[in-house]
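My entries follow the order in which I went through them.

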Amino acid sequence: MPASPSTARAINDRLALRLLQQEGPLTAGQLKQLTGLSRPTVADLVERLTASGLIEMVGESGEQRRGPNARLYGIVADRAYLAALDVRLEGVSVLVSDLVGRVLAEASVPIDDDSGTGPAVEQAVALVERAAKEAGAERLHTVCVGAPGLIDPTTGELRDTSGLPAWHRRLVAALHERLPGTRIVVENETNLAALAEQRDGAARDRDTFVLLWLGMGIGAAVVLDGALRRGASGGAGELGFLPVPGTRGLPSATDCEGGFHSLAGAGAVLELARECGVLGIEGAEGSSAAEVVRWAVTGVGGGASGAGGDADAAATPDSAPAPDYACAARFLDTLADRLALGVASVVALLDPGCVVLGGEVGQAGGDELAVRVAERITRMSPLPAEVRPSALGGAAVLRGALLTAQDGAQGELFG
């Protein structure tokens, strides 16, 4: 049946708003061309959306044409303010943006293990409040929190997981208390990283892929047919608990030691580097797993790794000479052997066609590590799987949180 006039107007308005989200400011003529609507219909929707306070004139097109330049219309950016949080074991980072995603303030704070739950929560919440004030936001419409651990699919809150600090769970409740009326969204950090890689990073051309997060912890995010799959209990992708050969013992329900985490977590990567002699050079001790992997890549002649970069990606143990080629190659080959165990399991179960090596370590390994893993998968599995390095690294969590907050706020305001 044909849509009623009011339904048709709502559909047209939503289409125009989606185009303005994706393309940025547009003229009425460009909206006409992109929507296929008539000129009078476009004029009506522009007037309607302007009157509702959703769009405004933001400039002129500057095109060479007779008469005045065409007006450019864009989403009203200060209609709502958003915040994205990346909650790690060692601290919190936050971004505050307007409704179109323009970052207005950013900050981070380290949190010591022995800070205590109350002081740690207060540090994190105060950081959000300061960033919002710096951005000029009297009120935050939506806050998206990216954190390690399991998200309860019923309540949307972090589950009580052993090994993670208590202040993580308390932080969500504190945000609700201190930011009344603000929509608080909680999502697993690896899932957010996958969303960012799909929108802006290494998986932009894929609607089915798996992101393997390589950092302090190990996890995977599963995207099938364009949709993020969380699993029945919210735990899809808890790859750190995967039993694999080469570990001492088996993982338990409360401890991933003995699982894939024991081979590929940051601590295991650093221990492997010591065994291979990569950390035996003066000046390299104290480096992170990502720095050591990037350093090894330079040792085999790979140069800068990854596509794009962030602050973490820029750090390398520059004070130390490059590692011996043989040591660096042995380290990367052995690390690829280990990673291939997890990747092969994912490929056998899901056949995603593409696996992104994410997190700081995945970005640091770049093509040198990705190619090595791909070669092993080709030998181990009959299913084709492209292996790519992360384009966003550790920055993907904040980016994914911001995109999630932006999509949610725009969906509510534009509905």
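The notes below begin with conventions and then take the sheets, the helix pairs and the salt bridges in turn.

**Conventions.** I am working with a predicted model, in which local features need pLDDT of at least 70 and side-chain atom pairs count only at pLDDT 80 or more, whereas totals for chains, interfaces and linings use all residues. Residues are numbered from 1 along each chain as its sequence is written, and side-chain values use heavy atoms, with hydrogens and water left out. I took helices (H or I, at least four residues) and strands (E, at least two) as DSSP runs numbered from the N terminus, and I let two strands pair if DSSP finds at least two bridges between them.

Between β1 and β3 (residues 71–75), which run antiparallel, I found two bridges, and threonine 27 stands opposite leucine 72 of β3.

**Five-stranded sheet.** I then turned to an open sheet of five strands in the order β11-β10-β9-β12-β13, whose pairing is mixed. Here β11 (227–229) and β13 (386–389) are the edge strands, each pairing on one side only, and neighbouring strands are turned by 25° against each other on average, direction ignored. Strands β9 (residues 209–214) and β12 (residues 354–358) run parallel and are joined by four bridges; tryptophan 213 has glycine 358 of β12 as its bridge partner. Helix α10 packs on the sheet, touching β9, β10 (218–224) and β12, and its direction makes about 155° with that of β9.

**α9 and its two partners.** How do α9 and α10 pack, and at what angle? Helix α9 (residues 289–299) meets helix α10 (residues 325–350) at about 125°, with the axes 8 Å apart. This makes α9 oblique to α10, since angles under 35 degrees count as roughly parallel, over 145 as roughly antiparallel, 65 to 115 as roughly perpendicular and the rest as oblique. On the α9 side the contact includes Val292, Val293 and Ala296, and on the α10 side Phe331, Leu332 and Leu335 are among the residues.

With helix α11 (residues 359–380), the α9 axis comes within 8 Å and crosses at roughly 5°, which makes α9 roughly parallel to α11. The contact includes Arg294 of α9 as well as Glu360 and Glu368 of α11, and it divides into six nonpolar, one polar and three charged residues.

**α6 and α12.** Helix α6 (residues 189–200) packs against helix α12 (residues 396–414) at about 80°, with the axes 7 Å apart, and the two are therefore roughly perpendicular. Their contact has eight nonpolar, two polar and six charged residues.

**Salt bridges.** I counted 18 salt bridges, each being a side-chain nitrogen of Lys or Arg within 4 Å of a carboxyl oxygen of Asp or Glu. One of them joins arginine 88 and glutamate 189 (3.9 Å, N to O). Arginine 88 lies in the loop between β4 (81–87) and β5 (91–98) and glutamate 189 in α6, so this pair ties together parts that are 101 residues apart in sequence.

Note on methods
Axes are lines fitted to C-alpha atoms, for helices over the stretch in contact, and angles run from 0 to 180 degrees between N-to-C directions. Contact means heavy atoms within 4.5 Å. Ala, Val, Leu, Ile, Met, Phe, Trp, Tyr, Cys and Pro count as nonpolar, Asp, Glu, Lys and Arg as charged, and the others, Gly among them, as polar.
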